[in-house]
Amino acid sequence: MGIDRRNFLKMTGLTLVSLPYAGNLLAEEQLAITHATHYGAFKGLVTNGKLIGVEPYPHHRHSNILLQQMVSRLYASNRIDAPYIRKSYLDNRGNPERRGKDSFVKVSWDTALELTAEALVRSKEKYGNESIFRTTNSTWAQAGLVNRSGSLQGRFLGYFGGFSDSVGDYSTGAAQHLLPHVLGSMEVYGLQTTRKVIEKHTEMMLIWGADPMKTNHIDNQVPDHDMDDWFYRFKKAGMRIVCIDPIRTESAEKIASSWLPIVPNTDVAMILGMCYVLLTENLYDQKFLDNYTVGFDYFRRYLLGKQDETPKTPEWAASICGISADTIRELTRAAASKRTLLAAGWACQRTQHGEQVHWSLVSLASMLGQIGLPGGGFSFNLHYCGAGSPGSDAHMPVGVPQGRNPVNTFIPTSRLGDMLLNPGKTINYNGRKITFPNVRLVYTAGVTPIGHQPDVNNVIRGFRQMDAVITHEPWWTPTARMSDIVLPTTTTMERNDIAYGGTYSRTRIWAMKQLVQPLFAAKDDFWIFQQLAKKFGFEDKFTKNRTPMEWVKWSYSRSGAQLPFDTFWKKGVVTFDVPETNKEYTRYANFREDPEAHRLRTPSGKIELYSEKVASFGYRDCLGHASWMPPQEWLGSALAKRHRYHLLSPHPRYRLHSQLDNTDLRHQYKIKGREPMRIHPQDAKQLGLNSGDLAEIFNDRGRIVVGVQITDTIRPGVIAVEEGAWYFADTETPERCLSGQVNVLTSSRPSSSLGQATTANSCLVSIRKIEDAAENLTYLPPKRD
């Protein structure tokens, strides 16, 4: 896409006509500089010190629409131009309830650093290091390994005496805590059966709650962008691909043989119905169960209703999940007769009792008996970062070590709001009890928890009880607006770094070269923490007497690259070959061949369909085997009589979570400046809504304003608002977000006592049409004195 001329000229001060590839400029006027991002690698086209366009590397063709936002991202109108202090905080360190409402005062870097150091010392001396909480996302913030804000923050705070932290993540919080008990590993991030093997052997793929044709366009490192081609090859090879999802996703549109619009949060019921068919029609593999699993007898009794007097028949499942009993039977018989891969995603485990989804899928795959066979079994991350790519075996560069945190206090990552409001509260967590620390200072770098966390209004209430909130950001994000001390940081395009790609293939090392000089007063995170470390007397420990560029060279030296660094830096990329044997990898093949020699890291060494350890925890919300437990918010609950619509919050198509929401791309898909709400024509008609209208979605937790997008690509009774829109409060109705930040509505209720994970997709709401709403000003700077 082209760059908006007015904004381009305003930001750059140039009078040249700008095109995406700047093809109208003479070669001698232009520099093409290698850089890399989570959306792909590119050459930044720089003229007179200004970035005027990008040229994606050829294999990053699928990411062009995201990569073309690098110019508007760099020169966004809400870049933070200097250090700022919230006015009431600067005056008397007080009025925490004014966070998000006060104006900001511009100060010098010396003053800002002094106030930051003062806040840290005050919290440490009065409450101890446990009172300092790091809120960060150490990998998604930037692809670079050296200037990775979260790691640098942890390194600095560790030398300062430590900090309270979080464990787990939002992506797979329920599954990653449950699956080690079942499979002996987290599994959701594990190496997968290669795509070449899948293409050759898989006859049927059930894609459960995932959209690989969308989510593989980004990567935790730098994406390869070849997954689309492989899925088209799967389709061309005649593979039957079934997408089971309340939304007809891009994958369902482009590659699926059929789409089954399941009722949200009822995946477990459908899976149990399939297991019942395998059991009662004698289609299951008893030999596999005997040799490779434990606990099937417990699960068998549950399926037959011996424990709860409810056999898990297809009719029972159909009454819950909305997929007919005949379809469940046909799908099960087909799965048993073909080489079948259960390719499940993570959205369906971001629910109350989300642990049960992947446990039930493992149970289904075990009954089918194809685990460890080429193209069979299950894959729980085929939608993520090019999983299924064969790896190069080369060592990749590494980041600056975070080091040891002297404080051992932590919370599950989705418990932030609960912790801030309830210091001293004790909760169950994966077989132990943990107590929330008395946090008084929140230090944020590289992530915006105001929007990232569920139940945003609850998190804001927690923020307004803190003594201090410190944020590093290039832009006036919702969290920066809610802070006391705002320190402007560089984007990756304003500094040097190093990255690799992809997460699984590990075939390239990228030079992330600085494209332009830092804008305004922005400083690298490394510089900020170095200056603070100097104040506290441990600068040498923090830097190890290396400059950031020396850390880049050190990082490169830890890789398997043979090319001299200077040659690599000039060239911009090093590539590695993939051994042919790695292209034939099948997950669990060794375990299947010899389960004793390749024991799983479970107590039994086998797949645990019944876990004595989980059962010993005594959790009523997570039993010893896969179970159907209705969530408190779904279309079959009593609450649905009051709030009739189930709200889903899928990963955005045109962002990476909240990244890029402030770029020019928003003008192409936002509706009257608000996040779109997908709604079925039947529901829209009942509500009197037309495409392009404004609507308010609400429940007991808050309200959001959205634009109406009517589509038949979603199940009736279900709506979808993509996560990641920047939060902006209505001054007249503070619990109302004017931009459509969906987490204003989602619940902070945990998945279970085991995982304590997010349940964002267990959310019921009401909808009403509105004629108008206050302007959404989230993409402009706040009031500054």
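A disulfide is a pair of cysteine sulfur atoms lying within 2.5 Å of each other. The views below come from a predicted model, in which local features need pLDDT of at least 70 and side-chain atom pairs count only at pLDDT 80 or more, while totals for chains, interfaces and linings use all residues. Residues are numbered from 1 along each chain as its sequence is written, and side-chain values use heavy atoms, with hydrogens and water left out.

**View 1. Cysteines without a disulfide partner.** The structure holds zero disulfides. Cys275 has its closest cysteine sulfur in Cys321, at 13 Å, which is too far for a bond; Cys275 counts as buried (under 20% relative accessible area, with a 1.4 Å probe and protein chains only; over 50% is exposed, and values in between are partly exposed), because its relative accessibility is 0%. For Cys737, the closest cysteine sulfur belongs to Cys763 and is 14 Å away, again too far for a bond, and Cys737 is likewise buried, with a relative accessible area of 0%.

**View 2. The loop that carries Asp700.** Asp700 lies in the loop between strand S26 (694-699) and strand S27 (702-710), where strands (E, at least two residues) and helices (H or I, at least four) are DSSP runs numbered from the N terminus. Asp700 counts as exposed because its relative accessibility is 62%. Leaving aside residues up to four places away in sequence, Asp700 touches Arg642 and His643, a contact being heavy atoms within 4.5 Å. The side chains of Asp700 and Arg642 are also joined by a polar contact of 3.0 Å (a pair of N or O atoms within 3.5 Å; within protein, one must be able to donate a hydrogen and the other to accept it, and residues adjacent in sequence count only if both atoms are side-chain atoms).

**View 3. The largest cavity.** A cavity is a set of points, on a 1 Å grid over the protein atoms alone, where a 1.4 Å probe fits but cannot get out, and lining residues have an atom within 4 Å of a point. The structure holds nine cavities of 30 Å³ or more, and the largest cavity contains about 520 Å³ of space, a volume being the space filled by probe spheres set on the points, which are joined across faces, edges and corners. Of the 36 residues that line the largest cavity, Ala141, Gly446, Val447, Glu473 and Gln659 lie nearest its centre. Helix H19 (449-452) and strand S18 (468-473) each supply at least two lining residues, and the largest share, three residues, comes from H19.

Key: 1 Å grid on protein atoms, 1.4 Å probe; cavity = no way out; pocket = protein on both sides within 12 Å on 5 of 7 lines; lining within 4 Å.
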